[in-house]
Amino acid sequence: MTLHNLGFPRIGRRRELKFALEQYWRGELTQPQLLAQAAELRRTHWQWQADAGIDLLPVGDFAYYDQVLTLSATLGVIPPRHQQGAIDLDTLFRVARGRAPSGQPAAAAEMTKYFNTNYHYLVPELSSEQQFSISWPQLFDEVKEAQALGHRVKPVLLGPITFLHLAKTVGNAFDKLQLLPQLLQAYQQLLAQFAELGVEWVQLDEPALALALAPDWQQAYATAYATLQAAPVKLLLASYYGSVAHHQSLISALPVAGLHLDLVTAPEQLPLFVAALRDEQVLSAGVINGRNVWAAELDLLAQTLAPYAQQLGERLWLAPSCSLLHSPVDLALETELAPELKSRLAFARQKLAELQQLQLLLQHPTSADALAIATRCQQRRAQQAAAADIKVAARVAALNDADFKRHSEFPQRQVQQQAKFRLPLLPTTTIGSFPQTAAIRQLRNRWRSGELAAAEYTRLLQQITRDTIERQLKLGLDVLVHGEAERNDMVEYFGEQLNGVGFTRFGWVQSYGSRCVKPPLIYGDVSRPQPMTLAWAEYAQSLTDKPVKGMLTGPVTILHWSFVREDLPRETIAYQLGLAIRDEVADLQQAGITIIQIDEPAFREGLPLQQCDWQEYLRWAVAAFRLSASVAKDDTQIHTHMCYSEFNDTIEAIAAMDADVITIETSRSHMELLDVFEAFEYPNEIGPGVYDIHSPNIPTVAEMVALMQQAAKRIPVRQLWVNPDCGLKTRSWDEVEPALQNMVAAARELRRQL
Ligand code: GLN
Ligand code: ZN
């Protein structure tokens, strides 16, 4: 029974790669030094995998920035603006970041989310005249490097169809599939070179199979793999992130030597594909979750797999569901976690050990070691059940329709709110955060390390909050915010104060390039033991008569940006979070906070891969938001914020959230995205962003007036607000103040015109 791995996190258990990259970019490390550190990381990671009994080690999972970019470079797909001679490491960095220690800066390539993960890849740019030729030797060099260390390796790279699918076209419009014959030639060369290095298996990742595919793309799979069949290596076709059962007959007919299935997201696929497996094919069962942090239920898995192990013998391989790229590296570093929580976790290294334990359970089920593993799993489940918070479960079970509804419909609420707030036409506001200066971060570090007493920390942050309020008053904004100086991160800040949510010290996961996130762990029933934001909101409101928005992170966003327990439906956990936020809304309202914003920037990210599953997600996601907001009285104004600009297919759900005001990112799309709000006759109020906060440029009054005029062509003026695209925490006061001054001036100018 072969054990293999689809990919190991490259960032390093102490984020060594992150720090080496950033030093190199700053000129503090030479390229040979960076290369040496990277080689050392690969050596360590392969050794860990070999030590865990993995038979086939992945190569190609390492990348200096992004594995899709490495493949693009390998195939010679580099935008002409970044070429500047032969491809070298700095070429890759120019594509990724727009600049590198050497060469001329040029606009970075587009980066976007990789399927339904929080990983971001660099979008390959293909022109109609695109040539493909092997142009970057990294993959081959790394195969040789691993072999020299004595390892048996399996190169892992994106398959040709998913590569094409992820790419975008530049220049004159054309059908990407026209490039397939040429691209296949390049893949054949690649595979031949691997064969020359003595490679037996190559894994081609085709996660695009989890999507619904148009007929020409389905046909492309048949064509591509019929062509690649001639390659002198065995191909393992890997799918993951979702079920591929809807393409079962297509996939089962492909002439590949093996199939890998994600049996964590879609266990029901197994019998389907086994029934159609050809005698010479292997089936790789992806049973250990590559995208979560929880220890596997190995005893239950072994029960499910046992008949298949019997039937397939050594043609059954065991693997994680997908690359471990999405998992933190090593639980052994977490010395400060509560033992009950730690015993429920498995990071990348521990997941490999789980594979070996699963193998033992299948091959020697009655051995003492196997029995001990099974007993541990049962005990863990029992402990977990005993730790349940029955009060929380009862509260969710008792929810009824009224809990998800505001008292009155929006038109009545609007009348009451207008009478209460007496805001001018086109009211101005901001999204929440103001510059997180080095001084603020330093304060926080000193407080966390115990150098600064809590009371002193609070006093200093109050000073900053007061300053932020004063600056907003001077700018003449209509609805203020407290500035979020006390928050490190919009999810972590709440997670730290909620029951049932835990934190690691080193549980970092790569988001893109050198950027990592450390998601909270939602491990138990979630509740709010005490107010989380109340003191800050009250303090800020005490400084002014203008309304200061209470600022909360919504349940869907907290859920989506965390590692979430798997023994309850996500819907239930969303309601638990919704109730916790609802309690906060109730307290804020009670204390006289009249406008409350519940941010949901991750709302769209939660959409399932296949559109047929969207309704179900949207149903409970909308409900969770409404649950958090519906305790607000009619004259308490609920805002929400979403920082993306794609609402075409979700406008109905957005409207169903029924926020009194929604602020969205629009400045870069010339307000065209309001078309869908117009067509839908979106009834509530909208603040389309007029200030692109991702850019250091200061928008002019004229630019913002023009944008709002565009907006007013689509949405009745009395429904419109004037605000930036998103929070201002990454900007400096030097940029923020003149920009907001112009924004307020633009609103005044518009009021004069209208
Ligand atoms: N209120 C948050 C802020 O302003 C919203 C952040 C976000 O949308 N990502 O920073
Ligand atoms: Zn935002």
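The structure is a predicted model. Its chain holds 28 helices and 22 strands, and because its radius of gyration of 27 Å is close to the 27 Å that the globule rule gives for 754 residues, the chain is as compact as a globular protein of that length. Along the principal axes, the C-alpha trace spans about 75 × 60 × 55 Å. Of the 754 residues, 48% count as buried, and among contacts between residues at least 6 apart in sequence, 77% join residues that are at least 24 apart.

Around ligand 1 there are 13 residues, of which I431, G432, S433, P601 and G727 come nearest.

The UniProt entry, which is unreviewed, lists H641, C643, E665 and C726 under "binding site". These positions are spread over 86 residues of sequence, yet they cluster in space, with a largest C-alpha distance of 8.7 Å.

Two of the listed positions can be followed further. H641 belongs to strand 20, which runs over residues 637-642, and, residues up to four places away in sequence not being counted, H641 touches I431, Q597, D599, P601 and T663. C643, in turn, lies in the loop between strand 20 and helix 25 (651-657). Leaving aside neighbours within four places in sequence, C643 is in contact with P601, E665, D725 and C726, and E665 and C726 are themselves listed in the record under "binding site".

Turning to the backbone, R15 has a phi near 55°, a positive value in a residue other than glycine, and R15 is found in the segment before helix 1 (16-25). Y241 likewise has a positive phi, near 80°, and is a residue other than glycine; its place is in the loop between strand 8 (234-238) and helix 10 (248-252).

| Residue | C-beta neighbours inside 10 Å | Class |
|---|---|---|
| H641 | 27 neighbours | buried |
| C643 | 19 neighbours | partly exposed |
| R15 | 19 neighbours | partly exposed |
| Y241 | 24 neighbours | buried |

A residue is buried if 20 or more other C-beta atoms lie within 10 Å of its own. H641 therefore counts as buried with its 27 neighbours, whereas C643, with 19, counts as partly exposed.

Technical notes:
Residues numbered from 1 in each chain as written. Chains lettered and ligands numbered in written order. Predicted model: local features only at pLDDT ≥ 70, side-chain atom pairs only at ≥ 80, totals over all residues. Near = placed C-beta within 6 Å. UniProt positions renumbered as here; feature names shortened; annotations may be inferred. Helix = DSSP H or I, 4+ residues; strand = E, 2+ residues; numbered from the N terminus. Buried ≥ 20, exposed ≤ 12 C-beta atoms within 10 Å, placed from the backbone. Contact = placed C-beta atoms within 7 Å. Rg over C-alpha atoms; globule rule 2.2 N^0.38 Å.
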